[in-house]
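Student: I've got this one open on my screen and would like to talk through its pockets, cavities and contacts. Can we go through it together?
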Amino acid sequence: MQITLKLFATFRNGRFKVAEQELAEGTDVRQVVLSLGLTEEEIGIVMLNGRHGELDSKLSHGDTLSLFPLVGGG
Amino acid sequence: MDKIFRVNMTDLTTKIEEVPAAWAGLGGRGLTSTIVAAEVPPTCHALSPENKLVFAPGLLTGTAAANSGRLSAGAKSPLTGGIKESNAGGTAAQMLAKLGIKAIIIEGAPKTGAWYNLAVSANGVTINEEKELLGLGNFAVIDAVEARLGKKTGVLTIGPAGELKMTAANISVKDPDSKIRSHGRGGLGAVMGSKQIKFISIDGEGAKPVTIADPEKFKTAARAFSKALLDHPVSGEGLPTYGTNVLVNILNEAGGLPTKNFTVGQFEGHDKISGETMHDTIVARGGKPKHGCHAGCIIQCSQVYHDKEGKYVTSGFEYETIWGLGADCCIDNLDDIARADNLMDDIGIDSIETAVMFGVAMEAGILKWGDSKEMLRLLTDEIAKGTALGRVLGGGAASVGRTYGVTRVPVVKNQGIPAYDPRSVKGIGITYATSTMGADHTSGYTIATNILNVGGYVDPLKKDGQVELSRNLQIATAAVDSTGMCIFVAFPALDIPECLPALIDMINARFGIALTGDDVNNLGKYILKTEREFNQKAGLTNVHDRLPDFFKTEPVAPHNAVWDFTDEEIDEFWNF
């Protein structure tokens with residue numbers, strides 16, 4: 001299956017902004033995080049198709065996954 | 001002992017008063033709102049002599065506590081018709097605190113057309129007639145006051161917008177680089193203009209360190225507090241690197257980035273105006289990605305933005321401004337947005353109200369969507385010059401909506417709704433509806449928990465838990481706004497258990513008292529209730545605690561969310 005993976009803030013350093021990724025069926029968010037060389041602790045916000053997701057969330061073909069470190073403003 | 005400096009602009013006299021016992025434990029917002037509620041008739045015209053303009057540093061301002069240098073300004077707002085407190089960084093708060101000035105109360109208004117400046121020093125306030133600087137922008141005023149009185153002089157000033165009593169006018173505060181921070185919201189610049197005061201200078205001569213009842217205890221608490229600020233990923237790393245503008249991409253992903261005057265929740269050009277792009281642009285052009293709005297700030301969320309030639313354009317370039325002129329106006333040119341930010345500082349007009357206003361103005365057809373050049377022209381040729389059109393625009397979003405017959409006008413209590421769509425981030429909608437300040441994200445920043453996973457998580461698209469979340473945050477914020485602390489201390493305070501006790505310990509050590517967490521919570525409740533009582537007497541009741549109808553009837557993409565709280569559910573907010 002194919003997903004769109006978007007990275008933000010410091011996660012872009014040495015990586016990319018957005019990429020299409022070919023993944024095995026049944027892959028979850030945690031596996032994608034680890035494949036990027038990131039740790040679970042570094043993940044601030046997971047968004048799956050514009051809604052908050054979990055590290056355990058299973059991915060489906062056509063999903064957009066966005067990963068952010070813990071950041072804020074206001 | 002600290003004093004109250006009182007200035008009467010009707011008979012041009014000044015007094016130094018003892019601090020009444022009831023005010024002794026208050027600072028910042030708690031003090032300005034108490035004084036306004038006690039001394040201003042709620043039904044008065046906000047630009048009449050009956051209104052009073054109050055400045056107060058926070059309880060910890062002037063101490064070595066990190067991030068404690070905020071100044072509160074309060075009055076009845078000419079924009080909302082209710083009570084207003086707006087706080088800002090800059091150098092003034094710490095100077096006032098070290099001069100032992102608990103508050104400055106400015107009342108009355110001159111009987112003639114003459115304009116004045118106020119000179120504040122350890123000895124009191126003198127009122128001087130001012131001719132030379134009338135009509136000038138804020139940057140020129142600061143330069144001229146420094147030339148006249150010395151580089152270290154503190155300055156509070158209004159630009160042309162304040163002189164013309166526009167309801168979006170702000171009060172500018174000189175920052176450590178002689179640039180500008182703003183008491184932005186609610187038209188306080190117009191109140192200063194109605195008192196015919198162009199600027200207030202502060203002479204720091206004779207300033208002393210503020211007294212600390214228990215210095216050892218203070219030092220220990222201050223250290224624990226600073227550590228919490230630096231340890232938390234938001235205040236310790238995210239804000240210093242990207243500033244508040246990191247939110248553009250997050251809100252865009254979450255579908256809560258109001259776009260094209262609140263008709264969609266995502267903006268095609270988001271990446272061009274994002275915090276990530278801004279950071280890279282600043283670094284490439286030799287600007288400063290980190291910068292503090294006051295001495296002692298260790299978060300450093302501000303920045304200095306340069307143009308392509310490497311010359312200063314603006315600083316304190318915030319998410320809400322960039323969102324408003326960017327996504328909400330469909331402008332993806334960050335350089336033009338930065339120029340507009342600088343112009344708004346110079347003219348002395350609130351960059352949130354004005355950004356929301358331009359979205360409404362585009363809907364009204366005054367200028368085309370995305371036309372940043374015309375936006376810049378309207379700022380310089382119409383608003384700054386006070387033409388008839390400029391005065392309509394300078395009145396803010398509601399003023400333009402009313403004048404041009406626009407029905408999609410994102411305001412609550414006449415104040416423009418900032419940067420987070422209340423349909424897709426429902427907690428902030430409760431804050432916009434119920435805040436005593438009119439639509440104000442800072443008064444109960446549910447984005448932390450709805451979007452950023454700080455202080456837990458409450459699903460932004462569901463109604464559950466939002467009223468309680470907003471209530472708890474509004475109570476806590478009212479208390480924090482009384483300490484002189486930057487509101488961003490809330491990020492570590494929500495997540496790190498040592499942070500809030502350290503803040504309370506600092507207050508206790510400073511004054512030799514023994515406040516508990518409950519006392520601080522009660523202070524927050526007292527402030528909200530005091531402000532609400534003023535608003536009710538001024539005619540703002542629960543029927544004004546509502547969002548505009550279009551949020552109920554127009555679903556916003558991508559989640560097709562609508563505002564679906566009943567009136568009764570919103571009114572539950574005040575059940576405390």
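This is a predicted model: local features need pLDDT of at least 70, side-chain atom pairs count only at pLDDT 80 or more; totals for chains, interfaces and linings use all residues.

Student: Why does the largest pocket lie between domain 1 and domain 3 of chain B?

Tutor: Because domain 1 (3–202) and domain 3 (422–495 + 514–576) of chain B both give residues to its lining.

Student: OK, switching to cavities. How many of 30 Å³ or more are there?

Tutor: A search of the whole structure turns up four. The largest cavity holds about 880 Å³ of space. Its lining has 46 residues, and Arg70(B), Asn87(B), Ser182(B), Glu318(B) and Thr442(B) are the closest to its centre.

Student: Which element gives the largest share of that lining?

Tutor: β5(B), with five residues. Other elements of chain B that each supply at least two are β11 (180–183), α10 (319–325), α11 (334–347) and α12 (351–364). By class, the lining of the largest cavity has 20 polar, 13 nonpolar and 13 charged residues.

Student: What about the second largest cavity, what's its volume?

Tutor: About 100 Å³. Of its 13 lining residues, Asp2(B), Pro57(B), Gly58(B), Lys102(B) and Arg510(B) are the closest to its centre. Two elements of chain B, β6 (101–107) and α20 (499–511), each supply at least two residues of this lining.

Student: Now domains. How is chain B divided?

Tutor: Into domain 1 (3–202), domain 2 (241–420) and domain 3 (422–495 + 514–576). The centres of domain 2 and domain 3 of chain B are 23 Å apart, taken over C-alpha atoms. Their contact takes 28 residues from domain 2 and 32 residues from domain 3.

Student: How much area do domain 2 and domain 3 of chain B bury between them?

Tutor: About 2,300 Å², with 66% of it on carbon and sulfur atoms. On the domain 2 side, Val412(B), Lys413(B) and Tyr420(B) supply 30% of the area buried against domain 3, more than any other three residues.

Student: How many salt bridges are there between domain 2 and domain 3 of chain B?

Tutor: Two. If you want a salt bridge to look at in chain B, the side chains of Arg408(B) and Glu554(B) form one, at 2.8 Å from N to O.

Student: Last topic: how many residues does each chain bring to the contact between A and B?

Tutor: Chain A brings 20 residues and chain B brings 32. The two chains bury about 2,100 Å² between them, 58% of it on carbon and sulfur atoms. His52(A), Leu70(A) and Gly74(A) supply 30% of the area that chain A buries against chain B, more than any other three residues.

Student: And how many salt bridges cross the interface of chain A and chain B?

Tutor: Three. Lys6(A) forms a salt bridge with Glu253(B), with the closest N and O atoms 2.9 Å apart.

Technical notes: Residues are numbered from 1 along each chain as its sequence is written. Chains are lettered from A and ligands numbered from 1 in the order in which they are written. Side-chain values use heavy atoms; hydrogens and water are left out. On a 1 Å grid over the protein atoms alone, a cavity is a set of points where a 1.4 Å probe fits but cannot get out, and a pocket is an open set with protein on both sides within 12 Å along at least five of seven lines; lining residues have an atom within 4 Å of a point. Grid points are joined across faces, edges and corners, and a volume is the space filled by probe spheres set on the points. Helices (H or I, at least four residues) and strands (E, at least two) are DSSP runs, numbered from the N terminus. Ala, Val, Leu, Ile, Met, Phe, Trp, Tyr, Cys and Pro count as nonpolar, Asp, Glu, Lys and Arg as charged, and the others, Gly among them, as polar. Domain bounds come from an automatic or database domain assignment. Contact means heavy atoms within 4.5 Å. Buried area is the accessible area (1.4 Å probe) that two parts lose on being put together, summed over both. A salt bridge is a side-chain nitrogen of Lys or Arg within 4 Å of a carboxyl oxygen of Asp or Glu.
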